[in-house]
Amino acid sequence: MEKINLPKASKITSPNPVAIVCTQKPDGSTNLATVSWYTYLSYNPNMIAYAMAKSSYSGELVRENKKVVITIPSDNIKEIVMKCGMHSGRDTNKISKFEIEMQDIPTSNIKVPLHSAAAIQCKLKEYIETGDHYLYICDVEEVYADDKERAVFSWEGYSKIASAKEA
Ligand SMILES: Cc1cc2nc3c(=O)[nH]c(=O)nc-3n(C[C@H](O)[C@H](O)[C@H](O)COP(=O)(O)O)c2cc1C
């Protein structure tokens with residue numbers, strides 16, 4: 001085997017999952033950011049975790065108010081995955097700039113993108129420092145899905161967003 005670095009490994013493991021992390025800004029509106037590094041942790045109780053760079057605005061918001069909805073984008077909104085992953089909500093209102101249509105979910109005041117395949121409403125339990133990221137460990141409160149929407153993944157590392165098809 002050939003010695004490689006960890007970023008290169010993420011190409012080998014692709015398609016990788018992608019989520020849009022929805023957090024609440026101080027004015028009540030939603031910030032959206034793309035996150036590939038998320039994982040289920042436990043079904044009893046229901047728990048999920050995701051890692052975000054220490055500098056992310058989303059991280060600052062969830063550390064402040066403990067609320068986050070992790071949504072899974074569908075191929076109807078695959079263009080927003082890259083856009084939300086290349087701009088920070090600290091200086092960009094991504095929803096208005098990219099004209100992203102939003103919807104309510106029944107039990108959260110955080111709005112989520114229209115055409116999400118799933119929305120996992122969470123409360124932050126704790127976060128731990130993991131190198132240049134923080135790992136956010138969350139209790140899952142509610143889970144919603146729309147089975148008409150097909151989830152997308154990131155291909156060739158993080159360069160292409162598309163649904164997964166059986167070979
Ligand atoms: C496909 C894709 C996957 C990404 N995955 C992650 C991730 O898992 N963790 C992370 O910190 N940033 C990830 N990013 C980058 C963030 O989305 C990006 O830094 C974003 O600007 C953060 O926005 P915020 O400052 O509004 O939170 C990803 C970007 C793309 C395009």
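Helices here are DSSP runs of H or I with at least four residues, strands are runs of E with at least two, and both are numbered from the N terminus. With that settled, proline 15 sits in the loop between helix 1 and strand 1 (16–17). The bond joining serine 14 to proline 15 is a cis peptide, with omega about 10°.

Before I go on, the ground rules. This is a predicted model, in which local features need pLDDT of at least 70 and side-chain atom pairs count only at pLDDT 80 or more, while totals for chains, interfaces and linings use all residues. Residues are numbered from 1 along each chain as its sequence is written, and side-chain values use heavy atoms, with hydrogens and water left out.

Proline 45 lies in the loop between strand 4 (38–43) and strand 5. As background, most peptide bonds are trans, and most residues other than glycine have a negative phi.

Histidine 115 has a positive phi, near 70°, and lies in the loop between strand 8 (108–113) and strand 9 (116–130). Its relative accessibility is 30%, so histidine 115 counts as partly exposed. The scale is: buried under 20% relative accessible area, exposed over 50%, partly exposed in between, with a 1.4 Å probe and protein chains only. Glutamate 156 also has a positive phi, near 50°. Glutamate 156 is in the loop between strand 11 (152–155) and strand 12 (160–163), and is partly exposed at 48%.

On a 1 Å grid over the protein atoms alone, where a 1.4 Å probe fits, a pocket is an open set of points with protein on both sides within 12 Å along at least five of seven lines; lining residues have an atom within 4 Å of a point. The lining has 32 residues, and those closest to the centre are Thr34, Val35, Ser36, Gly85 and His133. Two or more lining residues come from each of helix 1 (6–12), strand 3 (30–35), strand 5 (46–53), helix 2 (57–65) and helix 3 (78–85).

Next, the ligand. Which of the 22 residues around the ligand come nearest? They are Thr34, Ala53, Ser58, Ser88 and Gly89, where being around it means having a heavy atom within 4 Å. A polar side-chain atom of serine 88 is 2.6 Å from a ligand oxygen. A polar backbone atom of alanine 53 is 2.8 Å from an oxygen atom of the ligand, and a backbone N or O atom of alanine 51 is 3.1 Å from a ligand nitrogen.

Two serines deserve a slide. Serine 74, in the loop between strand 6 (67–73) and helix 3, is buried at 0% relative accessibility. The side chain of serine 74 makes a polar contact of 2.9 Å with the side chain of glutamate 149; a polar contact is a pair of N or O atoms within 3.5 Å, and within protein one must be able to donate a hydrogen and the other to accept it, with sequence neighbours counted only if both atoms are side-chain atoms. Serine 56, in the loop between strand 5 and helix 2, is buried at 12%. A polar side-chain atom of serine 56 lies 3.1 Å from the backbone nitrogen of glycine 59.

Last, proline 7. This residue lies in helix 1 and is exposed at 59%. The C-alpha atoms of proline 7 and glycine 157 are 8.1 Å apart, although 150 residues separate them along the chain.
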